[in-house]
Amino acid sequence: MKIKKISHVAVAGSDPQLTKTLYHDILGLEFTGSEVVETEGVNTHFFKIGESNIEMLEPLSEASPVGKFLAKRGPGMHHMALEVEDLDAYVAKLKAADIRLLSDEPKSGAHGMRIIFIHPKAAGGVLIELCEKS
Ligand code: CMX
């Protein structure tokens, strides 16, 4: 098991056009596409940086986790995602250490990844996603 790379840094926002103008038109990052993740109630927009991405999160509803985040804190950094090798081993290790996870098992995320989140209260105020290509 190992951490392979930072998969993405996710930014929550309510204006995807503003983000596209900044990241693509002005900063010149490659826009690689959008994908709705129904299970998370979010539309995701990806901008490639080398081996990693900036993921812009657009909530599908105010009741979704990102919708609630925006209502409470406004737009901003939402989470950091680490791509791992052997996600199940990491989940077992986190559970053994009694680290609070947001689900018992990994779920399906964008790009066909298996994902699981560590609660921000268990990670110094940062929501951390662990992901693995399925
Ligand atoms: N980063 C840091 N802290 C966060 C946070 C975030 N993204 N989201 C919530 N928090 C903090 C809140 O500020 C709050 O702190 P205080 O108690 O000090 O005020 C605390 O966590 C609890 O937050 P809450 O508003 O009461 O909300 P919930 O506990 O209902 O939900 C969380 C928080 C993290 C469990 C929820 O947002 C969640 O399930 N997130 C994971 C799912 C997700 O974000 N999906 C979108 C990603 C899609 C993808 O990339 O595929």
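Tutor: A pocket is an open set of grid points with protein on both sides within 12 Å along at least five of seven lines. The model we are looking at is a predicted one.

Student: What volume does the largest pocket have?

Tutor: A volume is the space filled by probe spheres set on the grid points. For the largest pocket of this predicted model, that space comes to about 1,000 Å³.

Student: Which element supplies the largest share of the lining of the largest pocket?

Tutor: The lining comprises 45 residues, and those nearest the centre of the pocket are Leu57, His78, His79, Phe117 and Leu127. Several elements each supply at least two lining residues, including strand E1 (2-12), strand E5 (76-85) and helix H2 (65-73). The largest share, 6 residues, comes from H2.

Student: Why do the buried residues of helix H3 line one face of the helix?

Tutor: Helix H3 spans residues 87-96, and its buried residues include Leu87, Tyr90, Val91 and Leu94. Seen down the axis of H3, these buried residues line one face because they fall within an arc of 100°.

Student: Which residues are exposed on the other side of H3?

Tutor: The buried residues of H3 are covered by elements including E1, E5, E7 and E8. Exposed means over 50% relative accessible area, and on the other side of H3 this description applies to Lys93 and Ala96.

Terms used
Residues are numbered from 1 along each chain as its sequence is written. This is a predicted model: local features need pLDDT of at least 70, side-chain atom pairs count only at pLDDT 80 or more; totals for chains, interfaces and linings use all residues. Side-chain values use heavy atoms; hydrogens and water are left out. On a 1 Å grid over the protein atoms alone, a cavity is a set of points where a 1.4 Å probe fits but cannot get out, and a pocket is an open set with protein on both sides within 12 Å along at least five of seven lines; lining residues have an atom within 4 Å of a point. Helices (H or I, at least four residues) and strands (E, at least two) are DSSP runs, numbered from the N terminus. Buried means under 20% relative accessible area, exposed over 50%, partly exposed in between (1.4 Å probe, protein chains only). The arc is that of the directions from the helix axis to the C-beta atoms. Contact means heavy atoms within 4.5 Å.
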